[in-house]
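Have the sequence and the model open side by side while reading. The text below goes through a few features in turn.

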Amino acid sequence: MLKLKNISKTYTIGEFSQNALDKVNLEFRQSEFVSVLGPSGGGKTTLLNVIGGLDHADSGDLIINGKSTKSFKDKEWDMYRNNSIGFVFQSHNLISHLSVLQNVEMGLSLSGTNAHEKKERAIEVLDKVGLKDHIHKNPNQLSGGQSQRVAIARALANNPDIILADEPTGSLDTETGTQILDLIKEIAKDKLVIMVTHDSEMAYKYANRVIKIRDGKITDDSNPIKNDLEESGKLNLKKTAMSFTTAFVSSINNIKTKLGRTILTAFAGSIGIIGIGLILSLSNGMQDEIDKFERETLSSYPIAIEPYFIDFLGFMEYSAEQDELETHPDYDYVTPEKDIFDENTKVNIITEDYIEYINRYIDNEGQETLAGFSYNYSMNMSLVSEIDSQYEVIYSESKTPSASPGFGPGSNMIPFHLQPEGLVYEENYNLLDGDEPVNDFENKKIEVLLAINSYNQIPREYLHALGFNLDEIEDDTQIGFSDLIGREIKLFVGDYGSDSNLDDAYTVRISGIIRSIENTNISLFMRNGLVYSSEVESYLMNTYPQEMGGIQSISLYPNDFSGKDDLLSYLDDYNVGKSETNSIYYNDQAALFTSISSGIIDAISIVLIAFASISLVVSSIMISIITYVSVIERTKEIGVLRALGARKKDVSRVFNTENIIIGFSAGLVGIVITLILMIPINIILENMSDISNIAKLRPLHVISLIAISIVLAFVAGLIPARMAAKKDPVIALRTE
Ligand code: ADP
Ligand code: MG
């Protein structure tokens, strides 16, 4: 069944050539116990390695079941070793970080046997060698004889046709050695056993055939095959491959045996991750603060299109110019004073065309860029309040806008505002007490909210308008919310005069009190006061079209600075090619504040992350070195795996899996340390800036950082892992 034809193998070191095998011709029976005897250096191990497919001849052919192996590729050799050969080495060569059971299972794992069958089979062979009670032990807890029994069990596990034993008793005392040989003889009755030994007494006692080898030549064969045997059976090979689970279990076990080193590696590998994690968390936090600041400034000062454009910057420039001039001069002439009002204000005529233009924006880009908007229509209406048993107008509005520009109708006792639509209102106001307004137009009932400032103050004038007796109100008088909620005034639509009948008027009831929320300094309304909903506005518009004027003003609340840029360029586009009278100018009070560019934070973060990345490179190099060291340490194991039929790929898989685990641990350690470090950093920053929890890590960043760590460790270990895969198994097994 096994035939060596003219096999030669020469080792050349420098100029010196050594014929390890010299034209060896041998044939073996399906079932026999062959002893190979010979002096040290005679070529015994080389012969076994060639037969076992671990080493390959320079010339000649190995014929297995009548099939030449000349055309064998790596894959076929791997399968041959795994399926047909069981190796037993002199020095047991058990994998020290795997248990007895796992050692025996390894060959079965490589041939893809399922977990249950694998375990059953491994226990069966361990039982055969008398070690059933030791299956969970570690190899280093066994005696020499026991270790060799495990090695035999491992060789038997895949039920190979051929057992190759290289001085299996070499490291054992005579008595144990005899027991081992008895065992081999007994369990391999129906197999081909080729055993190398230098003990001729043993050789003759156990074997039914003794072959002598010296200087690579067969010098004697006690029982050669005379006439060609019938070729029996076909060579049937099963694929081998290490599953990820096997690689994973092996890696975890190996990591456990050098836990200290692994923890140190993971810790060192985590430093770069910590650096990047902290920078990201800080820049996130700062970005959030800037975004918040942007939203706040932008919403307290919307882009407003009003009947009059007031150029605040122009006013500021003017006063700066005036400051340059000499005050209280002593010359005896005068100069004309600039009409700053005229120069810095422009009349806006809000046309249907323009409103359509704005609507198009709100319906399209505005969905993304705007946090809210409001259209204020002018109409003939008045709020009338009963003060000291007399009806008094506390607010009035006319459908033709007032003739003079200013900061709103100054003569009114209390402002009457339209609540903007969109998130800008909901995000920035709290209902402190009472209920959201509910209108009952049929019964002429309207409800409004009363907006108060963040100190819970309300101007005396408003109190007066709401019917309080100012004589009774001192500076420290406390007026309960319940005293304000439920107050009623009248809304009269049309021109209100002394002869007007209030029976037709709407009852306006304060249903609740609102205040801007604690951590925002937004007030959507330049002055607080009464706030009515857009529902009221549309109802009045539809019911009293003849009392309606046009849109008096439009307020647009951008989300952020980029949204604002977008909006402003849209508004500017409207004026392109239009005369000054037909142009429409917007008021942008937020322009008075310097805008902090978020670009700066991005730039700083990128520079810092670049620095932190250097530490990632350093830790990658370190992982590379550690893997290299580990490859060297585990050379023997690599040889054993290859002897058991592991492919080159499987060997690199073992190391790659281990590096992925290390990379993952490094990432995880990095994230945990980052989160811990963020606690004191946030405390310090809070003391410095009064802003709490600036540093914050986003879940997406956590995942990305761990992924980066895994990828880096994997890549860093690729080269050493490849080196391991490429190791010659023969040399690997010879290393001590
Ligand atoms: P044995 O097992 O009989 O002691 P070996 O098969 O190990 O002998 O070695 C046969 C000869 O080949 C020896 O002279 C040994 O020095 C040489 N040899 C074996 N392996 C190598 C190698 N990898 N490089 C160089 N020479 C080797
Ligand atoms: Mg040898």
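How many bridges join strand β1 to strand β4? This is a predicted model, and in it 5 bridges link β1, which covers residues 2–13, to β4, which covers residues 59–64. The two strands run antiparallel. One position to look up is K5, whose bridge partner in β4 is D61.

The two strands belong to an open sheet of 4 strands. Reading across the sheet, the order is β2-β1-β4-β5, with antiparallel pairing. The edge strands are β2, at residues 16–28, and β5, at residues 67–68. Each edge strand pairs on one side only.

Now turn to another part of the chain, around K239. This residue sits in the loop that lies between strand β10, residues 217–221, and helix α8, residues 244–257. Is K239 buried or exposed? Its relative accessible area is 60%. A residue counts as exposed when this value is over 50%, so K239 is exposed.

K239 and G112 are 127 residues apart along the chain. In the model, their C-alpha atoms are separated by 8.1 Å.

Methods: Residues are numbered from 1 along each chain as its sequence is written. Chains are lettered from A and ligands numbered from 1 in the order in which they are written. This is a predicted model: local features need pLDDT of at least 70, side-chain atom pairs count only at pLDDT 80 or more; totals for chains, interfaces and linings use all residues. Side-chain values use heavy atoms; hydrogens and water are left out. Buried means under 20% relative accessible area, exposed over 50%, partly exposed in between (1.4 Å probe, protein chains only). Two strands pair if DSSP finds at least two bridges between them.
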